[in-house]
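Have a look at the sequence and the fold first.

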Amino acid sequence: MRRVFDFAVDTFGFKKFTAVCSEEHAASRRVLEKAGMKLDKIVPESTEIAGRMVNDCFYSLER
């Protein structure tokens, strides 16, 4: 992910990146955190997956 961030910054001038994943997906959250993204907020019951509502975690990274 860091290489993707570097490419986006160098090639397109991106300054901020955002990502969303379900709170229950611990592995996805770890990947985002290892890439340097910070948890901004958790929105309760914001996405329906397989007929049930789950909490979403919003992450960001500014370069």
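## Charged pairs, strands and a surface patch

Asp-6 is partly exposed, at 32% relative accessible area (buried means under 20%, exposed over 50%, and partly exposed in between, with a 1.4 Å probe and protein chains only). A word on the source: this is a predicted model, in which local features need pLDDT of at least 70 and side-chain atom pairs count only at pLDDT 80 or more, while totals for chains, interfaces and linings use all residues. Residues are numbered from 1 along each chain as its sequence is written, and side-chain values use heavy atoms, with hydrogens and water left out.

How many salt bridges does a search of the whole structure find? The search gives 2, where a salt bridge is a side-chain nitrogen of Lys or Arg within 4 Å of a carboxyl oxygen of Asp or Glu.

| Asp-6 | Arg-63 | 2.5 Å |

Helices (H or I, at least four residues) and strands (E, at least two) are DSSP runs, numbered from the N terminus. Arg-63 is partly exposed, with 47% relative accessibility.

Glu-24 is partly exposed at 44% relative accessibility, and Arg-52 is partly exposed with a relative accessible area of 44%.

Arg-52 also has a place in the strand pairing, standing opposite Ile-49. Strand E2 (residues 38-49) runs antiparallel to E3 over 8 bridges; two strands pair if DSSP finds at least two bridges between them. E2 and E3 make a hairpin with 2 residues between them, and Ala-50 in the turn has a positive phi of about 50°. E3 is also joined to E1, antiparallel, by 7 bridges, and there Ser-22 has Asp-56 in E3 as its bridge partner.

Finally, the surface. Phe-7, Phe-12 and Phe-14 form a nonpolar patch with about 350 Å² of accessible area together. Phe-14 lies in the loop between helix H1 (2-12) and strand E1 (16-22), and is partly exposed at 43% relative accessibility. Patches are made of residues with over 30% relative accessible area and no salt bridge, with like charges joined within 9 Å and nonpolar side chains (Val, Leu, Ile, Met, Phe, Trp, Tyr) within 5 Å. Accessible areas come from the Shrake-Rupley method with a 1.4 Å probe, and for residues only the protein chains shown count as cover.
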